[in-house]
Amino acid sequence: MPLLLWDIDGTLLLKASVEHAQAIHAAIERVYGVAIPDVRVEAAGRTDFAIARSILALADVSPERVDERFGELRAIAVEEYARRVPGDLSDRVAPHVR
């Protein structure tokens with residue numbers, strides 16, 4: 001049985017956020033049909049949904065529309081991440097993590 005771990009704060013993996021951000025951005029563009037604003041949104045300590053909501057607010061997408069399509073956003077983000085993430089993350093494992 002595989003073990004699946006989430007590492008949202010860089011405890012287990014280092015420098016593994018690029019593909020994650022790209023996947024969220026691609027999902028936003030696919031689901032909501034908007035371009036990603038050229039403004040940095042703070043991600044530290046926030047969930048993917050909170051980050052996406054902030055990006056979408058900057059792109060003038062209403063909260064109601066965000067909520068209506070959140071399930072689709074989540075599914076597409078997973079798909080986009082699976083396409084981007086390297087098959088081997090061993091070079092990104094934090095020191096002292098087995």
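Contact is taken throughout to mean heavy atoms within 4.5 Å. The structure is a predicted model, in which local features need pLDDT of at least 70 and side-chain atom pairs count only at pLDDT 80 or more, whereas totals for chains, interfaces and linings use all residues. Residues are numbered from 1 along each chain as its sequence is written, and side-chain values use heavy atoms, with hydrogens and water left out.

The protein contains four helices and zero strands, where helices (H or I, at least four residues) and strands (E, at least two) are DSSP runs numbered from the N terminus. The order along the sequence is α-α-α-α. Along the principal axes, the C-alpha atoms occupy a box of roughly 45 × 30 × 20 Å. Of the contacts between residues at least 6 apart in sequence, 67% join residues at least 24 apart. Of the 98 residues, 24% are buried; buried denotes under 20% relative accessible area, exposed over 50%, and partly exposed the range in between (1.4 Å probe, protein chains only). The side chains include 12 positive and 16 negative groups, and the centres of the two sets are 2 Å apart. In this count Lys and Arg are positive and Asp and Glu negative, while His and the chain ends are not counted; each charge is placed at NZ of Lys, CZ of Arg, CG of Asp or CD of Glu.

Helix H1 comprises residues 18-32. The end C-alpha atoms of H1 are 21 Å apart, in agreement with the 21 Å that its 15 residues should span at 1.5 Å a residue; the expected span is 1.5 Å times one less than the number of residues. Buried positions in H1 are Glu19, Ala23, Ile24, Ala26, Ala27, Ile28, Val31 and Tyr32. An α-helix has 3.6 residues a turn, so residues three or four places apart point the same way. The cover over the buried residues of H1 includes helices H2 (48-58), H3 (63-68) and H4 (70-84). Gly33, with a positive phi near 65°, follows H1.

Glu19 counts as buried because its relative accessibility is 11%. Its side chain forms a polar contact of 2.9 Å with that of Arg92, a polar contact being a pair of N or O atoms within 3.5 Å; within protein, one must be able to donate a hydrogen and the other to accept it, and residues adjacent in sequence count only if both atoms are side-chain atoms. Beyond neighbours within four places in sequence, Glu19 is in contact with Tyr81, Arg84, Val85, Pro86 and Arg92.

Ala77, in helix H4, is buried at a relative accessible area of 12%. Apart from neighbours within four places in sequence, Ala77 is in contact with Ala23, Ile24 and Ala27. Ala77 and Asp88, 11 residues apart in sequence, have C-alpha atoms 20 Å apart.

In the loop between H1 and H2, Ile36 is partly exposed at 22% relative accessibility. Excluding neighbours within four places in sequence, Ile36 is in contact with His25, Ile28, Glu29 and Ile55. The C-alpha atoms of Ile36 and His25 are 6.6 Å apart, at a sequence separation of 11 residues. Asp60, in the loop between H2 and H3, is exposed at 72% relative accessible area and has a positive phi near 65°.
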